[in-house]
Amino acid sequence: MKCYRKDYPRPQFVRSHWENLNGVWDFAFDEKNCGERSEWFQSFPGKLKIQVPFTCETKASGIEEQGIHENVWYRRMFDVDSAMIENRRLILHFEGSDFTTKVWVNGIYAGSHRGGYTRFSFDITDYVSEGDNQLTVKVEDSGDICQPRGKQRWVEESFGCWYVQTTGIWKTVWMESVPLIRLEHVKMTPVLNTKELEVVYEVSAPPEVFGEELTVEAEISFEGKFIASSSISLTAPHGETVINILGGGNANFAWGVKTWSPEEPNLYDVDFRLRYQGTVQDEAGSYFGMREIRIDGPNILLNGRPLYQRLILDQGYWKDSHLTPPDEEALIEDIDKIHALGYNGLRKHQKIEDERFLYWCDVKGMLVWSEAAASYGYTDYAVKLFTKEWMDIVTQNYNHPSIITWTPFNESWGIPGVETSRKQQHFTESVYHLTKSMDAYRPVIVNDGWEHTVSDIITLHDYEEAGDIFYKRYADHKDEIMNTDMYHSNFKSAMANGYKYKGQPVILSEYGGIAFNNDDSGWGYGNKVNTEEEFIRRFDEITTAVKKVPYICGFCYTQVTDVQQEINGLMDINRNFKVKPEIIKEINERQEGYWRNFS
C-alpha cells in the first residue's frame, strides 16, 4: 500500500516523524522488588544487556534465562532535537509489554499500563529536553491465572500445551513526534451493499480550536487513481462521515467497487488530513478493504457468496524468540507458507500478533480469526482485566479487512463453570454484546470449541484420528450433538445449559494435531505417526471426512508449526515442511462433500 513503511509498527495509521527504539538496552532483574524504593529510575544498577523487543527468556534477547522473574527493569538513552518538541508533542509507544509496565523519563514518572497484549502510549513531552534523555522501564509479571496470559505457563515447568512464559517488553518500542492539533484515531467500516465507507474520527486539539474552521479530509484512491474524497467540519473531538465509493473505471460487476477477498485482496489507499483555518496540521496514511462478512442461516457469506474456510491454527512462536517474530520477513514467510499448504485463513491462537502481520494478511488475502489470550481463573478481577484488554484489541485491530471473526474465549478457559454457572454465562453474553456494540458486522464466537452461550457460529473441537469414525459421528448425529444429547469431543457439550442451537453455521475449529517428527520427544493428539506415508494417509482421511459432513462449512487444522514440546505442526519450529506442501495443498483444496456447494 502507498502508506507502507518497512518495520513501521502501526501500518494502519502511518505518519512520517517516528523513531524505532528497539535494540540494545540495559537490563536488570529485581528479585527483591526493591528497585522503586532504591530509585533505579535515577541510578540504574544493571550490568546486563538485552536486545529489545525480545524477552529475557529467549536466546534472541542475549540472556536466555527461563526461570520466573516477577520484576525486570530496562534502560536506554535516546536523543531529542528541538524539531521534535517545538510546538509538537512526543509520544512514546509500546506495542506490547507483559504485564504491568511503569515508565520514567529522566527520572520522572510518566505513567503505567496493565495488560500484556495491546498497544499503549505515553505523552512524554513535558519530561524531555533537547539532547540526551534517559528512558527507564519496570515491568511486573506473575503467575496469576486471573491475568490474560494465553499459552504462557504459570508454573516453573512447561506442561501440556503451555509454554515458557513471556516477561516484559516483547513487541516494538517506538516514539513519534506529532502536532498539537492531530488525529488520534480513525475507525473505518466498509458497507458493501450501499458502496460506502463509514468513517469515525477522534482528534486531539486545544478546546478553543473546535468550531474554528477545524476540518478533516479523506482522499481515497485505488492503484493510484482517484476514487472519492470527503471533508467535514469538527465542533467536538470526534466526528463521523460516510463516503460513497464510486468505483469509476475500476468497478466490478458485483458491487461497483473492487472487493477484498482471499482470491483478490483489493485494497484502497486513503490519506487523512486535519486542517485548522485552511492550514494542514496533521497527515496520516492508511488503507481499507471493501468486504462484507455475514451470517446467512447455516452459511457464512463473504461479499454475498458462501465462504468455505480452510483455516490452520497459528500460535506465532519461533524457536529463538518465542512470541516475538524475529523480523518482518518472518511474518511474511509464515503467511506465504500457509498459503502454499492450501489454506485460505488462519486462527491466530491465544495471541494478539504484531500488527505488521495483519498488514501482510490484508495485502496477501489471508483470512484471520482474532482471538484473545485467556486467563484461567474466574474472579471479579479477571473479568475487569479481560474486558478492558478485549475492548482494546477490537479497537486496535478493527480496520484490518483480513479479520473476519472475533473470538474472545476458547474452550471455557477463564470461564471454567460456564456450562452451568449463570454468572459466567452472563459474562460471556456481555462480552458478545459489547463486541457487537463496537462492531455490528463481524461474527463473534464467544467460546470456541464447546459450551457455547450466544454465538454467531458454533465451533467444535474434535481430535478423532479415524476419518470413518469422525464422519459417522457428525453426519449421523447432528441433532444429538447440537442438542447436547451426545458429546462431540472430550465429553464436552456443544451448548451450555439453557442455550439451544439456532441453526448457526458450524465449523470444526480444531482437529488433526498429528504428532510427527524424527525423535521420541514431544506430543500431539492421538497416536504419533513415524513416517511421511502414515502422516499423509491420516491427514487425508480425517480432512476428507470433515469436508464430507454436509453441514460443516469450514475447518481449522492444528497447527502451523511445532511449538516447544508440542510436535503437531505441518512445519517444525524452524519452518521446515515435514511433508511436501503441494501434497497437503491438494488434499485441502480438493472439492468434495459439502464443499462442492461452494465451487
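This is a dialogue on reading the features of a predicted model.

Colleague: What should I know before reading the values?

Modeller: The model is predicted, so local features need pLDDT of at least 70 and side-chain atom pairs count only at pLDDT 80 or more, while totals for chains, interfaces and linings use all residues. Residues are numbered from 1 along each chain as its sequence is written, and side-chain values use heavy atoms, with hydrogens and water left out.

Colleague: How many helices and strands does the protein have?

Modeller: Helices (H or I, at least four residues) and strands (E, at least two) are DSSP runs, numbered from the N terminus. The protein has nine helices and 31 strands. Its radius of gyration is 25 Å, close to the 25 Å from the globule rule for 599 residues, so the protein is as compact as a globular protein of that length. That radius is taken over C-alpha atoms, and the rule is 2.2 Å times the number of residues to the power 0.38. Along the principal axes, the C-alpha atoms fill a box of roughly 70 × 60 × 50 Å.

Colleague: What percentage of the residues count as buried?

Modeller: Buried means under 20% relative accessible area, exposed over 50%, and partly exposed in between (1.4 Å probe, protein chains only). Of the 599 residues, 61% count as buried. As for contacts (heavy atoms within 4.5 Å), among those between residues at least 6 apart in sequence, 71% join residues at least 24 apart.

Colleague: Which residues have the most contacts inside the largest nonpolar core?

Modeller: A nonpolar core is a set of buried Ala, Val, Leu, Ile, Met, Phe, Trp, Tyr and Cys residues joined through side-chain atoms within 4.5 Å. The largest one has 101 residues, and those with the most contacts inside it are Tyr343, Trp390, Leu460, Phe470, Phe535, Phe539 and Leu570. Helix α8 (residues 532-548) gives the most to this core, with six residues. Apart from this core lies another, of 33 residues, among them Tyr201, Val209, Phe222 and Ile232.

Colleague: What span is expected for helix α4, and what covers its buried residues?

Modeller: The expected span of a helix is 1.5 Å times one less than its number of residues. Helix α4 (residues 380-397) has 18 residues and reaches 26 Å from its first C-alpha to its last, close to the 26 Å expected. Its buried residues are Ala382, Leu385, Phe386, Glu389, Trp390, Met391, Ile393, Val394, Gln396 and Asn397. An α-helix has 3.6 residues a turn, so residues three or four places apart point the same way. The cover over the buried residues of α4 includes β8 (108-114), α3 (355-364), β25 (367-371), β26 (403-407), β27 (409-410) and α5 (422-438).

Colleague: Which residues does asparagine 397 touch?

Modeller: Asparagine 397 belongs to helix α4 and is buried, with a relative accessible area of 2%. Not counting residues up to four places away in sequence, asparagine 397 touches Ile352, Glu355, Leu358, Ile403, Trp406 and Arg442.

Colleague: In what order do the four strands of the open sheet run, and which stand at the edges?

Modeller: Two strands pair if DSSP finds at least two bridges between them. The order is β16-β15-β18-β19, with antiparallel pairing. The edges are β16 (225-233) and β19 (279-288), each with a single partner strand, so one side of each is left without a neighbour in the sheet. Neighbouring strands of this sheet are turned by 15 degrees against each other on average, direction ignored. The axes behind that angle are lines fitted to C-alpha atoms, for helices over the stretch in contact, and angles run from 0 to 180 degrees between N-to-C directions.

Colleague: Where does glutamate 283 lie, and is it buried or partly exposed?

Modeller: Glutamate 283 lies in strand β19 and, at 48% relative accessibility, counts as partly exposed. Strand β18 (residues 268-276) pairs with β19 in the antiparallel sense over nine bridges, and arginine 273 stands opposite glutamate 283. The C-alpha atoms of glutamate 283 and valine 14 are separated by 8.5 Å, although these residues are 269 residues apart along the chain.

Colleague: Which face of strand β9 is covered?

Modeller: In a regular strand the side chains alternate between the two faces of the sheet. In strand β9 (residues 120-123), Phe120 and Phe122 form the covered face, and Ser121 and Asp123 the uncovered one. Strand β5 (residues 88-94) pairs with β9 in the antiparallel sense over four bridges, with isoleucine 91 opposite aspartate 123.
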